[in-house]
Every structure is written in structure tokens, then in C-alpha cells.
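Hi,

Here is the structure I promised you. Have a look at it first, then read my notes below.

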Amino acid sequence: MSEPDLIAVRLTDIGKRFPGVIANDQVNVTVRRGTVHAVVGENGAGKSTLMKILYGVQKPDSGTIEVDGQEMSFHSPSDAIAAGIGMVFQHFMLADNLTVLENVVLGAEKLYGSGDRARTRIRELSSAYGFDVDPDRLVEDLGVGDRQRVEILKVLYRGARTIILDEPTAVLVPQEVDELFENLRGLKAEGLTVLFISHKLDEVLAVADDVTVIRRGRTVTTVDPKHTTARQLAELMVGSELPSPSTETSTVTDVVQLSVRDLSLTDPLGGRDLLTDVSFDIHRGEVLGIAGVEGNGQAELVEAIMGMRKATGTVALGDVDISAWSTARRREAGVGYIPEDRHRHGLLLDAPLWENRMLGHQTQEPNRTGPFVDRRGARNDTDRIVAAYDVRTPSIDTTARALSGGNQQKLIVGREMSGNPVLLIAAHPTRGVDVGAQAAIWDHIKTARREGLAVLLISADLDELIGLSDSIQVMLRGRLVGSVDPQTVTPEQLGSAMTGAGVPA
Ligand SMILES: Nc1ncnc2c1ncn2[C@@H]1O[C@H](COP(=O)(O)OP(=O)(O)OP(=O)(O)O)[C@@H](O)[C@H]1O
């Protein structure tokens, strides 16, 4: 085979600047056809920017893109799609009330119509790559893994030969990760190429054929995962040696900080039970983890505890019943909240970082002195958070939108840990955060726990749940169905329990 036959995509000397930031600085990546190629790097290293350039969402300032040996200039994603590049984003973009077929065909009716020809094509693709997806199922009835397969099918249906996946495993339990990797191997076997971004280095090593490391906008190297460890990868990412994790002793006290009793909630739209008789206590100094596949009531539980949804039952902070309190009053009483959806609930994307520091905390020091907004206090404290949580930003006057995903997350965590909260409600606190920043956030949470912080932890990252929690409850269809011991449970056992196979004895 000649070279162009072997190379699916070649990015050469790609450069891209944003105000105050060089996001990509002579980045070079060569993606061999029929391989799975991972791109790793710290938050803000420039991974998403590079993928957006390849998918035609961003225009590079310099450098060349070659696809199948031909130099390309993309002005929009439709140009990239026409060249055989497809991208699946982390937030799925499917319409729940439509079928798989309707979702796949939407906007691409020209290809095979929207009836039997389309159905046949979806079945062909599904079986060719080992995807087991029924075109006539409603998307709302599908689990997370199947939804992701529908997103990939959508891209394949449009003729993609190179598929970009942005952190595809962030929302999957271990069994689903295994299935996804099987699917990726299926794609590879058929000569397709997969390019993906991930922060989960063990997974990268398990599935990738090549791994390119990017640091501060530059390519460091491309390594062979067969001869590389996760630690070596992490060290290439940060450019220095990582500290070893320390072991922890329990800090759980017998003082109840949060008490939830018989919390029940029915879907106001469909009459479905979202939460049923959920009861638990969290003590000062305790992290209680809730394990569950997405969509089993965790989000509703968090919103009910924060007063954003009206549920029956009681929520008490210490010995004060706060069930009737507003969200603002709960926050003022010392409840920190890291929301699941940072764009909808966590940040004002077009406001500068220092104003985001005040969001939800307007009535508290250092954002207020007496009855007045204290701009200087808020700005100084934003500087502190940026330093303590290593938020990579040109300045605190930058808008939140201009930060990379992981850096947005670090800012939210820093804000919610400020002012010594007594209770932290944390949904996926390290989602999208690189390994170094994840370890730093865990350290911050552990330090606060030693000082008495109570934490409710919701996470799809089972290593995080197991590593951080003092106890874990499993949630299934809106109920707590059993507890597991984080000292002894394995991620695989926990994954099984989450999918309804029962908790290990
Ligand atoms: N639209 C934008 N405007 C201004 N700056 C931006 C924009 N998009 C990205 N940046 C900056 O470019 C740099 C690279 O960001 P990018 O999102 O590519 O990083 P990343 O490696 O994908 O990070 P993460 O792992 O956190 O998702 C960051 O410093 C980010 O703040």
C-alpha cells in the first residue's frame, strides 16, 4: 500500500490562538487508517480545539489537514462530513421522543429516504460493526450505552470513515465501556479509523493503537500503549513526576449532618415515579457515594435536596428541617453544590470568571460586605481559587466560555468548596478533569472532610466513588436498593449492582 492508503488523517503544524491563549502551537498528529488513536493531555492542553479544527468547527490559523492523502480546507462540519470525518460529542444530541431511525435519518433524508431503505441501511451498518440496535425503538427507552451507539450510527450513516469521539467513556459503567471498546474494535476491523479524547488513561492503554500526548498546545510525542504505563502517560502530560497518593483513615463522626427521609417524587409530566421512599443520613466527616447508571433518579435526588424540585418527605440539615427552604437559603446555610450540568446550572458562560465566583454566593463573604456587593473581595477570592485549583486562564476577566471544559469544572469546584460549607452535594465533581487535577480535587475534598465536611457524591467514575466514599448506596429506578463496602467492592461488582444484578454479599 502507498502512504496515503495507510494514513487516514494527518494534521501538520496546526496553530490556533484565542485572545491571551495559544490553544494549538504546531501540533502534529498522524492517524493510521484502521486504528484507534487516542489524544491525551491536561485540561486546557488543546485537545478539543484540535478535534474541532478537524471537524470544521474551528478554523486553524496555520497548518494543514490531510484526509486520505488530500489536503483539505474545512469551513464547516458539513465540509468535514463530506470528507468522511464524523464527530460524536460528549453531550448526546438525540431527540428522546423519536425512534432510532428517525434520529439517525434526521437531516440526512437525502441519502436513503426515511422509510424502509433507511431502515435497511441502519440494520446493515448495525450488523456490520457489531452494534445491536433496533431502528424502531424509541430513544427514551434506551440506556446510555445504546444512545451512544445511536450517535455513532448517525455518523456512520453519513458516510464517516474517521470518527472522532470526545471522552466517550465519561458517562459509561465498566460493562458499557467494554461494549463500546468491542464496537470500536468492530469499526477498526472494517478499516474505519477512530480518534478519541480521554482522561481515563487505563482505558486509553486498553483500547488505543497509538496515543498522542499534547502539553500546553504542543505535541509531546506519540507512544505505543503496549510499552507505556498510565503513570508514564500522566507524566508525559504534565512534564514532571507525579506524587504518589497517600492512604486515608476514616474521619466519619456520629453527628448527623444531612438526614433525608422518605423522599418521593413523581414525574409531573408522565406520572412516572422518579424517587421512591429514599432515606439516608450523612454524618460530619463522611462521604456517602450514590452509585447508579445515569437516569435512575440521582439527578432528581440532588435537585430535591437542593430545593430545586418539590418532593414529599423531609430533608434536615443537622437537626433543622429545611424541606420548605428555597435553594438560596439552603446555600446560605452552608450547602455547596456542584451540579451535573455545568453549563445549565453551574456557570454564566458569557460572564467573567470573577462574576462566576459570586454566582449562587452573592449574599456571602467575600462577595458582600454588609449590604453591598464587594467586587474587590470577589476578585481577590477568584485569584485565590484560580491558584489553588490550578484553573488555566489568561485572567479572571476572561469569560467562562473561553475556558476548556476541565478548567470550567475546576472553577466550579473551587467556588463550591469556598466559605467552609458544612455539606457538599457533588454530582460528578471531576467529570472532564485531567488526572492531576482530579487528584488535587480529591485532596481538597478529603482535607475538608477531615475538618467535618459531609459529602453526598454522585459519580459515574467508579474508581472515584470507591476511592472517595466512606459508604456507597446503589440507586436503581429511583430507589436505594442496597449498600456496598467501598473497602472491598470492585468496580466490576459495583457496575453489576448498578445494572440490577444485586449487591455483592
Ligand atoms: N472559544 C474560545 N475562546 C477563547 N479561548 C478558548 C476557546 N476555546 C478554547 N480556548 C482556550 O484554548 C485552550 C485549549 O482549550 P481546549 O478546550 O482545546 O483544551 P482541552 O485540552 O480540550 O481541555 P479539557 O481537557 O479541559 O477539555 C484553553 O486555554 C482554552 O481556555
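Thr162 has Thr193 of strand 8 as its bridge partner. Strand 7 and strand 8 (residues 193–197) run parallel, joined over 5 bridges; two strands count as paired if DSSP finds at least two bridges between them. Strands (E, at least two residues) and helices (H or I, at least four) are DSSP runs, numbered from the N terminus. The chain gets from strand 7 to strand 8 through helix 8, in a right-handed β-α-β crossover: with the strands pointing away from you, the path from the first strand over the helix to the second runs clockwise.

Before I go on, this is a predicted model: local features need pLDDT of at least 70, side-chain atom pairs count only at pLDDT 80 or more, and totals for chains, interfaces and linings use all residues. Residues are numbered from 1 along each chain as its sequence is written.

Strand 7 also pairs with strand 6 (residues 85–88), again in the parallel sense, over 4 bridges. There, Gly86 has Ile163 as its bridge partner.

Is strand 7 buried or exposed? Because 5 of its 5 residues are buried, strand 7 is largely enclosed by the rest of the structure. Buried means 20 or more other C-beta atoms within 10 Å of the residue's own, exposed means 12 or fewer, and partly exposed is in between, with C-beta atoms placed from the backbone. Thr162, Ile164 and Asp166 point one way, Ile163 and Leu165 the other.

Glu167 lies in the loop between strand 7 and helix 8. Glu167 has a positive phi of about 45 degrees, though it isn't a glycine, and is partly exposed, with 19 other C-beta atoms within 10 Å.

Cheers
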